[in-house]
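Subject: Structure handover

Hello,

The structure is below, followed by notes on what was found in it. Please keep it open while you read.

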Amino acid sequence: VRELKKGSLHLLVLHLLYERPSYGWEICERLRERSQGTLSFEDGAVYPLLHALEHDGLAEGYWETEAGLGEDEHAARKGARRRYYRLTVKGRTALRAALQQWSTFTNAVGRVLGDSALAGEDRAR
Amino acid sequence: MSIDTYLAQLAGRLSVAPATRAAILQEVHDHLEDAAQHRMASGMARAEAEEQVVAVFGDPAEVALRFNAVHPLHWDRQRFGVGILWGIAATWTLWTLLTYPVLVQTATQGQTLSSIDTSSPWSLFFAATPLSFGLFSVLALYWYWFVPLFVLLYGLTPFVWARRAHHGWQPGLAFGLGVMLGFPWLLPAVIYRWQPWNPLASLLPVVGIWLLAPVAVFAGWLGYRSLRLRPVSPVAPRGGRADAPSGPIRLTRAIALASCLVLALLALNSWSFVRAAGLHAAAALPPLSQQISAAQGNLSFTLREPSYVPQDLALVSVTATPGTCLNPCVSLLYHGSHGAWLGILEIATTPTPLPYRTSASYQVSQGTVGDVRPTWWLGDDTTMEHQASVTWVKDGIDFILVTNGAVSVDDLERVAGSTG
């Protein structure tokens, strides 16, 4: 369970990269926006994870120069070099496995909480 | 904290290959700049924006540790060689700085071996370097409690190093080999000065120093094992921004502690240097007549001076410090040219009988000195640092006459005969 908790960032980043190639700051912003501020990791934790994904062959990084204003007009600095990451085939396989693990974990937790909730209601009656 | 300061702190803690370091710093710089621009676009001042983005990015020490874990340095031959050199340098520095205060203290207490020159602070400093062997005996005899402290301080370097390098036993092993190579003359010197009647004392330098090598490996391993990265928490910090970093890895505090330790060590050495400078002045003896009368005041018997000493020898000191012998005693020291010296120790035989060594490794001969038959000890007793001694008992006084071998046997017999 602890490993799954620790690995949630791993899973989330893999998924975001599966959607589209992205760079670190953008990944952090997407995490914050999608979770509406509920999930907020230290940005400094994301980069070592990206490097680890690249080191393990799950993602590949490449530098790209920003041509102009992008989707986020505040974030895109004209001429800025950014290191993008995209998922590899191995990364997609890892994502599938991670999603399977997460699903198993959340289902199990849900089942346990469901039973507990029922027992609590019985006692209350 | 500004972005530049943050990047400087991160760079200082990264222990990765140079190309990787540059790429990491570029990437982090881009991120922080993007984040700052984003905040400034909504009307925030640059300084405040920078402060916020570096706070959200996290403790530079912990971020560096995470990067170091992803990009561990490959310990090739070159890096290992540098590690050994670092170990040698640390051995010389630590050994000298840690032992110099001890040596000065022992010199102040009169416990230093006679082979150690206490005439100046620098000569004592030289004796504290790994070049000197007398220090081992001093440590073993008087400062044995110092050894665990020394080992502890010594283990700190590979401990910190392994943490920083994010490696297990390699930094410790390199450092340990540096410790062993820092004393390359250790083994030959021990063989040369081997004392079969006291193998423990002979082996003490080797055992004492070489044991530091496995200590270094163990400390390096411990340092690596102590690395525990804070788990990444998915819970949003209060107020929507990261709190002050609170990970278990507190490198800043460790560096501050190490700096305090180094400063304390330097201060202790400076103070010892001043004490050593005063040692020589304090060692200036009063006139011989005063020394003799002062010594006589501490004795229960009448002090005997030899009526004959070889021509080039002259009495330089008479000491009868209470507590230096089991029974009341006095020592007379004669110095001559070319380093020749001769000492006479007179000890009351009562109340405690005096033990004498009867090792068969000495050449023992009998002669006659006046009406008593003394015992000769001729040999190369480097522990006591004399090459000949003669002992006899007369009028309730034990006489021990020692010399470094620069005085002939005939002269010794004449000195002995004229003393009792």
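Axes here are lines fitted to C-alpha atoms, for helices over the stretch in contact, and angles run from 0 to 180 degrees between N-to-C directions. Helices (H or I, at least four residues) and strands (E, at least two) are DSSP runs, numbered from the N terminus. This is a predicted model, in which local features need pLDDT of at least 70 and side-chain atom pairs count only at pLDDT 80 or more. Residues are numbered from 1 along each chain as its sequence is written, and chains are lettered from A in the order in which they are written.

In chain B, helix α5 (residues 77–108) packs against helix α9 (residues 169–181) at an angle of about 50°, and their axes are 7 Å apart. That angle makes α5(B) oblique to α9(B), because angles under 35 degrees count as roughly parallel, over 145 as roughly antiparallel, 65 to 115 as roughly perpendicular and the rest as oblique. Contact means heavy atoms within 4.5 Å. The residues that make it include Phe80(B) and Trp86(B) of α5(B), and Leu173(B) and Phe175(B) of α9(B).

In chain A, three strands form an open antiparallel sheet in the order β1-β3-β2; two strands pair if DSSP finds at least two bridges between them. The edge strands, each pairing on one side only, are β1 (22–23) and β2 (59–65) of chain A. Seven bridges join β2(A) to β3(A) (residues 81–87), and Thr65(A) stands opposite Arg81(A) in β3(A).

Regards

How values were computed
Heavy atoms only, no water.
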